[in-house]
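Thanks for coming. I will go through one structure, a few residues at a time, and keep to what can be read from the coordinates.

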Amino acid sequence: MTDEAGVYRYVNKAFADAVGRSPEEVEGLDTTAVFGFDTAKRLRVSDQKIIDGSDGITVDETIWLQSKRHFFQISKAALKDETGNLTGIVSVFRDITAQLEAK
């Protein structure tokens with residue numbers, strides 16, 4: 001989960017392992033610090049759609065992690081408080097590399 005500025009506020013162990021860090025190391029970092037400038041710029045486009053009012057979006061992204069290319073299907077949804085104000089963006093990264101390479 002990130003806030004509107006793209007700072008990770010919560011990550012699970014699987015995500016942290018994929019980016020080669022512990023959850024505690026990732027939390028507090030922004031998307032650029034985790035993925036690098038170019039990938040963060042692409043991911044920010046889908047974040048902006050959530051910020052602009054979309055409740056959810058799914059995108060496909062190629063991301064290099066630990067010197068290996070991965071294909072991800074990323075679903076993003078708005079996290080809102082009880083009054084309906086956006087408080088963050090929940091992202092689910094599904095590594096679909098094996099499925100694509102098997103074709």
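**A walk through the model**

I start with A18, which sits in helix α1, residues 13–18. Keep in mind that this is a predicted model. With a relative accessible area of 29%, A18 is partly exposed. Which residues does A18 touch, if we do not count those up to four places away in sequence? They are L65 and Q66. In the case of L65, the separation from A18 is 47 residues in sequence, and the C-alpha atoms are 6.9 Å apart.

That brings us to Q66. Q66 belongs to the loop between β1, residues 56–65, and β2. At 57% relative accessibility Q66 is exposed, and its phi is near 50 degrees, a positive value in a residue other than glycine. S67 lies in the loop between β1 and β2 as well. S67 is not a glycine either, yet it has a positive phi of about 65 degrees. Is S67 buried or exposed? S67 counts as exposed, because its relative accessibility is 72% and the cut-off for exposed is over 50%.

Next, the aromatic residues. Searching the whole structure gives five aromatic pairs. One of the pairs joins F35 and F93; the rings are stacked, with 6.0 Å from centre to centre and 15 degrees between the planes. F35 is in helix α3, residues 31–35, and F93 is in strand β3, residues 86–95, so this pair ties together parts that are 58 residues apart in sequence. F35 counts as buried, at 12% relative accessibility. F35 and F93 also belong to one aromatic cluster, together with Y8, F15 and F72.

Now a charged residue, D47. It lies in helix α4, which covers residues 37–51. Where does the 3% relative accessibility of D47 put it, buried or exposed? D47 counts as buried, because the limit for buried is under 20%. Leaving aside neighbours within four places in sequence, D47 is in contact with K76 and I89.

Last, the surface. L79, V90 and V92 make up a nonpolar patch there, and together they have about 190 Å² of accessible area. Of these residues I take L79 as the example. L79 is part of strand β2, residues 68–80, and it is partly exposed, with a relative accessible area of 32%.

How values were computed: Residues numbered from 1 in each chain as written. Predicted model: local features only at pLDDT ≥ 70, side-chain atom pairs only at ≥ 80, totals over all residues. Heavy atoms only, no water. Phe/Tyr/Trp six-rings, centres within 6.5 Å; stacked < 30°, edge-to-face > 60°. Helix = DSSP H or I, 4+ residues; strand = E, 2+ residues; numbered from the N terminus. Buried < 20%, exposed > 50% of the residue type's maximum accessible area, 1.4 Å probe, protein only. Contact = heavy atoms within 4.5 Å. Patch = residues over 30% accessible without salt bridge, like charges linked within 9 Å, V, L, I, M, F, W, Y side chains within 5 Å. Areas by Shrake-Rupley, 256 points an atom, 1.4 Å probe, with all protein chains shown as cover. Salt bridge = Lys/Arg side-chain N within 4 Å of Asp/Glu carboxyl O.
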